[in-house]
Structure formats: C-alpha cells, structure tokens
Amino acid sequence: MGTCCSKDATRTIISANGNTITVKDGPNPIPVKDNANPVKDIAKPSDKAQILETQQQQQEQVEAEVVKRSPFFPFYSPTPAHYLLTKNSPPAGSPAMNPKRIFKRTPSPAKHIRAALARRQGKPNKEAAEGGNKEGAAGGGSGQLGLDKSFGYKKGFENEYEMGEEIGKGHFGYTCKAKCKKGELKGQEVAVKVIPKAQGAPGEVCMASHGELSWWPELADVVCWVHVSSCVGLGNTWSSHVLKVDKEMTTAIAIEDARREVKILRALTGHNNLVKLYDAFEDHENVYIVMELCEGGELLDRILSRGGKYTEDDAKAVLIQILNFVSFCHLQGVVHRDLKPENFLFTSKEENSQLKAIDFGLSDFVMPDERLNDIVGSAYYVAPEVLHRSYSTEADVWSIGIIAYILLCGSRPFWARTESGIFRAVLKADPCFDEPPWPSLSSEAKDFVKCLLNKDPRKRMTAVQALS
C-alpha cells in the first residue's frame with residue numbers, strides 16, 4: 001500500500017473476479033488506481049480455490065496495515081522489532097537478527113596507552129597489548145627486545161685515555177677525570193662523561209648524596225625522581241637534582257637522549273661559554289663523551305663562598321655570560337631545559353674565570369613554532385608553562401630569572417619542603433621583593449628580574465632582549 005500523511009484514507013475492495021479496486025474515502029467515494037502496490041492476477045477465474053486463497057491473503061494484508069497505523073498519527077509507524085511479532089521472521093545470522101553487526105567496534109583507549117608505554121620501555125607492541133613482562137634478549141633487561149645501542153662512535157677509548165677519579169654524577173651517568181695518552185691532547189687532563197649501556201641494579205640512582213628520595217608525580221611519564229638534599233649553605237639555600245630511576249640505556253628514550261646530547265654539543269661547538277667537546281667513544285658497555293675539564297667548580301659553590309649573594313656588578317658579569325650562551329642556543333634551535341647554578345662551571349679557580357655550560361642530557365632541538373610537552377628539569381627552576389606541558393625556549397629564560405634572583409639575594413624565589421609545594425608556589429605565588437636585600441638594590445635590577453620571572457611566557461623577555 002502507498003503511504004499517506006495528510007490525505008484522505010483509502011481502502012481496498014476486492015471484486016468477485018479477483019480484481020482490486022482502491023477507493024478514496026470521503027463524502028463521495030472515488031475509485032483510484034493503486035500505483036504503489038499493483039497486484040498481479042495470478043489465478044484464473046475458474047479456479048475458485050485459488051481465488052478464495054488470494055482474497056484471504058489480501059484481506060490479512062489490509063488488516064495488518066490497519067494494525068500498523070498509529071492511533072495518534074495517520075501515517076505508517078512500524079515497530080522497530082516488528083519481525084519478532086510476525087510469523088515471517090528473518091533467518092538467523094542475518095543483519096536483522098544481529099543488529100550489533102551494523103556497528104563498528106570502538107578501539108579501547110588502553111591499547112594506545114599501552115603502546116605509548118611500550119615505546120618508552122622498549123617493549124614490542126604485541127607484548128605491550130597483552131600486558132606481558134617478558135625479558136628481552138637484547139639489552140639485558142626486562143622487555144628490551146630490539147634496542148639498537150650502537151652509536152657509530154669511535155672504538156678503543158682505553159687505548160687513547162687513562163681513566164682517573166670520579167668527579168661528579170649527572171642525569172644519565174657519571175663524570176671522571178682522564179688523561180690523554182696520544183694525539184693532540186697528549187698529556188692533557190680531560191673530563192669524560194660515562195653513560196652505561198647495561199641495565200643497573202634496581203633502585204640505583206644517578207646522584208649519590210645524603211637526603212631523601214621522593215616520587216615526583218608530575219614526572220611520572222618520563223620516569224624521573226627529584227632529590228632534595230640536605231642544607232648546603234646559609235638560610236634556605238638548598239640543592240635540588242632531578243634523578244633518573246633507570247639511568248642506563250634500557251629504553252629507546254634513554255638511547256635517543258644519549259645520542260641527542262652529543263648531537264647538541266657538536267651543533268653548538270665554538271661558543272666560548274660552552275664546554276668543549278673533544279670526541280665520543282663507545283664500547284659494548286658504555287658511551288664515553290670526552291670534554292674540556294673545568295676545575296673552577298660550580299657556580300653554586302661560588303655563590304655559597306660569597307655568603308649567598310653577589311653584588312649587582314658581579315651578578316651582571318655572570319648573567320651576561322649565561323645570556324650570551326642561552327641566546328646562542330635558542331638561535332640554533334636548542335632549548336637546554338635544565339639551567340641552574342650546578343650546571344655552570346668555572347674554567348679555573350680565578351675570580352674572573354670564564355663560565356662554561358654543561359650537562360645537555362635533558363636538552364632538545366625545537367622548531368620556532370613548536371611546543372614541547374614533556375616535563376623535565378629541576379624542581380626549583382622549572383617554568384610554569386613546563387608544568388602546563390606547553391613550552392618552548394622561553395622556559396630557559398625563566399630559569400635564568402631564578403638564577404638572577406639567587407645571585408642578588410642568596411635565596412630562591414619559590415621554596416617549599418615538598419615537591420608539590422614547590423610546584424604550587426611556581427604556579428601561584430609571586431617572588432618577594434620586599435625583604436632584604438631587595439630594598440637596597442636598584443630598581444633596574446628588580447625590574448630586570450621581574451621581567452625574567454613573568455609567569456606569562458608571551459610577556460617574558462627573550463634571552464636576546466635581556467642582553468640588550
């Protein structure tokens with residue numbers, strides 16, 4: 001039958017000879033031709049049994065159409081599962097009997113999370129999807145299948161250098177003195193950063209010092225710890241370090257970090273305030289980065305030896321060197337991401353010796369319009385936008401502002417006894433410029449530090465602007 005929405009209702013009349021006539025109801029019933037559902041004459045007039053059967057089927061069809069009509073609306077409104085109420089149900093296995101087959105299965109978000117974790121942990125995707133913890137054949141650790149730990153560096157480190165005492169530890173390894181046996185540097189002492197390739201003991205950290213280790217939740221996705229050591233100076237001057245739980249190259253991320261550090265040192269070669277890179281070696285167990293030896297100590301040690309603060313002129317001399325180096329890095333598309341007094345060394349013990357930047361283990365290349373989102377750095381020096389996971393080179397300028405604040409007054413602008421307290425202070429609190437010695441300092445010095453510590457990175461000075 002045809003579908004009628006606002007027209008007069010129609011009804012079908014079957015004549016004695018088997019023909020059908022559609023009649024439009026109204027004051028004067030008018031027969032009309034049914035073009036929607038023409039009925040073929042499938043029976044002969046002489047065959048009465050077939051005619052009666054045809055008439056009965058057509059009558060049932062008319063009654064079914066009446067039942068399907070809604071009592072409230074004059075148009076056809078079938079039941080969604082009408083086939084369940086009829087005798088002529090569709091066969092099993094058809095889309096009608098299996099309505100879920102018309103929908104696509106939505107992929108589980110956990111699959112993508114496990115895949116991301118697998119890439120960081122060096123696991124195969126199949127193992128990550130199954131949540132397995134199988135031991136890898138390569139790398140000597142859990143789930144370290146297929147990690148390429150070949151860097152393409154020179155071999156035979158022990159033939160050219162003689163290792164000496166350990167002089168420091170960093171994010172991914174430790175640093176030792178060494179003496180060159182041959183070549184242009186024969187007889188000269190150098191610093192060698194050693195980055196182990198093999199997996200270390202569980203719980204081993206990069207920096208051994210007294211203090212308590214505590215989990216930094218905001219760095220959970222980069223598997224880092226923060227260590228706040230005991231008081232090393234006057235007042236509230238404390239030392240903080242970001243530590244890797246697994247410092248060795250047991251993940252693809254750690255391997256890429258080690259490769260990138262050498263790439264960045266080579267890309268920045270030639271600047272006066274950058275530690276010189278002499279060469280890079282590797283063997284089955286370690287990567288060796290041979291660098292210039294700076295025996296003047298850390299900038300932090302100089303600050304503490306001066307009673308916790310610099311004069312404005314002395315602070316200016318230090319900041320010019322830092323800004324010169326950082327502006328050069330930014331022009332080369334490099335963001336350091338871990339600027340702090342501990343990562344600047346003096347070449348000698350002399351008072352006016354040159355300052356050198358070190359430790360590019362957390363540094364990265366960045367495009368002009370690119371935004372980084374991984375949280376790395378040291379707690380007291382991390383910029384607000386880093387905690388918001390959207391930052392670029394301006395995060396380094398914030399760290400320089402923290403260093404400038406410490407140089408001038410001997411204390412940190414944001415301080416708390418817990419990591420979460422430090423982060424809240426960085427995000428919410430403002431630096432104090434009312435307590436001594438700030439009232440005795442020039443307004444230019446205070447304005448300079450305020451411009452560097454602007455929480456809005458769009459309004460913060462760049463390193464080049466700070467130099468001018």
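**Sheet and helix packing in the predicted model**

Pro196 has Asn286 of E11 as its bridge partner. The structure is a predicted model, where local features need pLDDT of at least 70 and side-chain atom pairs count only at pLDDT 80 or more, while totals for chains, interfaces and linings use all residues. Residues are numbered from 1 along each chain as its sequence is written, and side-chain values use heavy atoms, leaving out hydrogens and water.

Strand E6 (residues 189-196) runs antiparallel to strand E11 (residues 286-291), and six bridges link the pair. Here strands (E, at least two residues) and helices (H or I, at least four) are DSSP runs numbered from the N terminus, and two strands pair if DSSP finds at least two bridges between them. Both belong to an open sheet of five strands, ordered E4-E5-E6-E11-E10 with antiparallel pairing. From one strand to the next, the twist averages 25°. Helix H5 (residues 252-267) packs on this sheet and touches E6, E10 and E11, its direction making about 155° with that of E10; contact means heavy atoms within 4.5 Å.

Elsewhere, helix H7 (residues 312-331) packs with helix H9 (residues 394-409) at about 170°, the axes lying 10 Å apart. Axes are lines fitted to C-alpha atoms, for helices over the stretch in contact, and angles run from 0 to 180 degrees between N-to-C directions. H7 and H9 are therefore roughly antiparallel (over 145 degrees). Among the residues making the contact are Leu319 and Ile322 of H7 and Ile400 and Leu407 of H9.

Note on methods: Parallel < 35°, antiparallel > 145°, perpendicular 65-115°, else oblique.
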